Each structure stands twice: as C-alpha cells, then as structure tokens.
Amino acid sequence: MPMIELVDVSKNLAGKQVLDHMSLIVEEGETKVIIGRSGVGKSVTLKHIVRLMEPDTGQVRVQGRDVLSLKGKDLSELHRQIGLVFQGGALFDSLTVGENVGFVLREHMGTKPVEIEERVRESLALVGLYNVEQVMPADLSGGMKKRVALARAICTRPKIILYDEPTTGVDPITADAINLLIDELHDKLKVTSIVVTHDMRSAYKVADRIAMLYEGRIIAEGTPDEMRYSHNPYVHQFITGAAHGPITEGQSSIVKNSID
Amino acid sequence: MTTPRGFYATIGRRIVNFFSFFAGLVRLTVQTLVQIPARPLGAYRFFEQSNKIGINSFPIVSLVSFFIGVILALQTAYIMQKMSSEIYIASIVAVSLTRELGPVITALIVAGRSGAGITAELGTMAVTEQVDALQTLGSNPIKYLVVPRFLSLTVMVPVLTVFANAIGIFGGYLIAVYRLSIRSSLYMNMTFQTLVYKDLYTGLIKTIFFGMIIAIVACFEGLNVRGGAEGVGKATTRSVVNTFILIIASDCFFTALFYFFWE
C-alpha cells in the first residue's frame, strides 16, 4: 500500500486549472522530489495532502485512508502524522523558538512541561540547533528559521514530512546543509518525504525519485539518473535551466508519463 | 470611458460584495460561537488578549472620555447659562455619557486601536502561512485566534465603558465645580438623581454587541487577507471603516429598540 496517493486530482483556483487530473504515488520510506516551474501547482499538491485544500475532483489517500473523509480527531491524527515545512518557515511570531517547536505537545497532547522541554531540545538538536529555545523567530536568519520549522515539524515524530521549497532563499552553503539534514532525518526517523523544489542540485541530492509537474500533471518520473539523462524535451529544458525550449514556447499537453 | 454596461456591472459587483461580506460575518460568528466550548479551552489566551485589549486601552479611553466630559459640560453650560439652569449640566453630562457617548466613544477607540491591530496581526499571519501552519499542527484557527479575541472584546468593551462613564462624569464635575461654581454636593446629587438603572443597562448592553462587532469584523478581514503587505494595509483600513459604520448603525438600531420597546 502506498504511503501517499493522489488519484486524478483536479483543482481550479481563480479560473486557472492548477491541477488537471494529476496522479502521484509515494511509497513508504521514499523521498520523492516534485520539480516544476514556479506557480505550476507544487505547493498546491502538498496542501491537498494535509487537507489545507480540497480537490474539485479526485482522491487523496494517506496510508490508504481517504483524507477528504477525515473529521475531528481523525483529521488531527492525520496532521500529527504529517509534518509540513512551509517555504518561509511559518513560525508563530508571538512565540519563542521553544514554544513554536513544542506547540503541538503543549496544545494538543497534554505533555508535561519537563517532557516538552526535553523533546524540544532533542528536536532542535536533530536539526543542529542548540540553546535557541528562548529566541524569538524575528531574530533568526533565513536558514535558522527553516531549521526551526523543520524541528517543529518533527517534534511529534511524524511518519511523513512534506518540504515546501526548503532551499529557496538561503545561501548555497545553508542550502547544502538543509539537503544533508533532509537526508539525515530520512535515515534517522525513517520517514516518507515529499520535497517540492525547483532547485535541481537539491533534487539530485535528496531524491529517491523525481517527478516533474507541468500544466497540472506529472509528465515524467524517474530516479535522479533517469531524469538527468532523460530525452523528454520538457524535462531536459527544466533540469538544464535553458531559456528556450518547449516549456517557454507555450506548448502544452504533448508529453505525459514517459522518460524516453 | 465607462460604458453603461460597465457602470451597471460595477454596481452589481458592489452589491454582491456587500452581501458576501455580511454572509462572511454571519458565518464567522456562528463558527466562533460553536468553537467557544470546544476543548482545549485555552483560557490563558483569553487573559492574554484581555490584557492587550482591556488594560492597554485603558489610558487612551480614560483620556478621551475625560475630555468628552469636559467638552460636554462646557457646551451644555453655553446654553444653560442663558437659561440660568446650570444645575442641569450634571444631569445632561451623566445621561449623555452613560446612554450614548461613553459606549460609542469607547467602542470607536477600541475599534481603532485593537480592531486594527487584530486585523494587521491576523492578516500578517495569513500571508506568511502561519494560519495554515496552525491547521497542519492540529489547531483550529477560529478556536485559537478568533475565540479569545471575541470573548475578551465582548467582556472588555463593557468594562472599559464603565470606567469611561465614570471618568467622563468626573471631567464634567471638574468644569462645573471649579469653573462654573456649582456646589460639589449639588452636582453629585443631580447626577445620581437623574441617572436610572435603565440608562446604565441600555448603555452597557449595546457595548456587548459593539465588542462582538469589533472582534468579528477585525478577525474576518484579517483571516481573509490576500496579496502580501499591501493586502494587510488595505484590510486594516477596511476593518476600521466597516467597524465604525457597523457600530454607529447598530447603535442607531439599539437606541430605537430601547426607545420603542423598553419604556
């Protein structure tokens, strides 16, 4: 049974068909990277998995359960099993780093303060941060915010981690450190991950498999090597970052589901 | 150049927007009321907000209501001196403040200060995905963000109004006693003889609804911000303007209601 499954999902936002009968399967323990241009629907895909958005048509299943049928406690349970790392961190400005990381434990799990403190320290250590519990998010650098966001996402030890553009807006060295962190967490916590990015260096580094999203569908999928040497002109243009090619010529709906 | 068709389309769009705004307010009010008893109660957030809204608004509410009391006494004196009826200044100041000016001025100050702050805060949270993050962490944004603000405004606006009334009457007292030479005991007698419980009740009942209006409009505008910093600015302006209009409109409604049906 796949860990995450999107079946024939379509979503129209403000008149634009963002997802168009899109299907995606993520197996347990796999790190799948979704690549594609900005605004192509990568983040929207993640939001469907945690039910921040609901599809117009199609199904979203996590561990075989239809996400759309979940309510109340079941939905909260789903949220506890999935950690979503937002692009900008989305740390709560009014709370300290420690309060951000231990948020779920304090608000929903009735964990004792001493245990929360311990778990927060552990989670921060996993992302390489020490003695920052009392710092306010506004005083952190971009890279540190991403790490704290990651610590918050893993604090409940989820089975799935979703990363929305984890390396966007940070310097190349911090980006590489974040890539290493994604790999390390995958190995240590044995999580299933989806990483949404347009940074190909990051994609090659962390992916077990890469899927390319174009015009609302997955048009190609394969291992990093298969994608690197793909003859698919869309994939080729994207991974080489060429200004000219089928993507920028506005061609559409020609290629689907193939790596030549 | 605007064509007749474009003109009617604009009017039509405005009407639709107006009704969808009201529908949004009603929906948010119902969702908020449903979430009040939901667990975890999070009482500490209520006290946190009450502190921010109530205690921090107290100095400005006191200052403005003091000035209103002084102005009211001076303006009334202008007419009353012509009729040699200065002793009625106390009655007019007391009744005007408790029935009308105290509640409305307090609500407008809180709307301008706290309502705008709430919209800006929630709006910033919405555009930086903090509201989405709340949901993915298993918290209902209405329970976590709207309920404590709604409850604390509903409680704190009436509490602030009581202080505003008292401080306003004190402002009037200072002018009457030290400027117009009315005896202190006479002023106090005239104030309390004129005031009846109905004056206090009707004034305070209104403020409960004013508090609810401020909270719901501010949270609605904040949670529905789109378009980054510019969106937050526009929503904050819209929140203050809409709250002011709704406070005055509901004040008119309650005044008419109390006048015709609560003799």
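User: How many residues of chain A are in contact with residues of chain B?

Analyst: This is a predicted model, in which local features need pLDDT of at least 70 and side-chain atom pairs count only at pLDDT 80 or more, while totals for chains, interfaces and linings use all residues. Residues are numbered from 1 along each chain as its sequence is written, and chains are lettered from A and ligands numbered from 1 in the order in which they are written. Two residues are in contact if their C-beta atoms, placed from the backbone, lie within 7 Å. On the side of chain B there are 11 such residues, and on the side of chain A there are 14.

User: Which element gives the most to the side of chain A that touches chain B?

Analyst: Helices are DSSP runs of H or I with at least four residues, strands are runs of E with at least two, and both are numbered from the N terminus. At least two residues each come from α2 (72-81) and α4 (103-108) of chain A. With 4 residues, the element that gives the most is α4(A).

User: What is the radius of gyration of chain A?

Analyst: Chain A has 10 helices and 10 strands. The radius is taken over C-alpha atoms, and the globule rule is 2.2 Å times the number of residues to the power 0.38. For 260 residues the rule gives 18 Å, and the chain is close to this, so it is as compact as a globular protein of that length, with a radius of gyration of 19 Å.

User: In which sense do β7 and β8 of chain A pair?

Analyst: Strand β7 covers residues 160-164 and strand β8 covers residues 192-197. I161(A) stands opposite S193(A) in β8(A). Over 5 bridges, the sense of the pairing is parallel.

User: How are α3 and α6 of chain B oriented to each other?

Analyst: Axes are lines fitted to C-alpha atoms, for helices over the stretch in contact, and angles run from 0 to 180 degrees between N-to-C directions. The axes of α3(B) (residues 58-80) and α6(B) (residues 141-178) come within 7 Å and cross at roughly 40°. Angles under 35 degrees count as roughly parallel, over 145 as roughly antiparallel, 65 to 115 as roughly perpendicular and the rest as oblique. The two helices, α3(B) and α6(B), are therefore oblique.

Terms used. Pairing = 2+ DSSP bridges.
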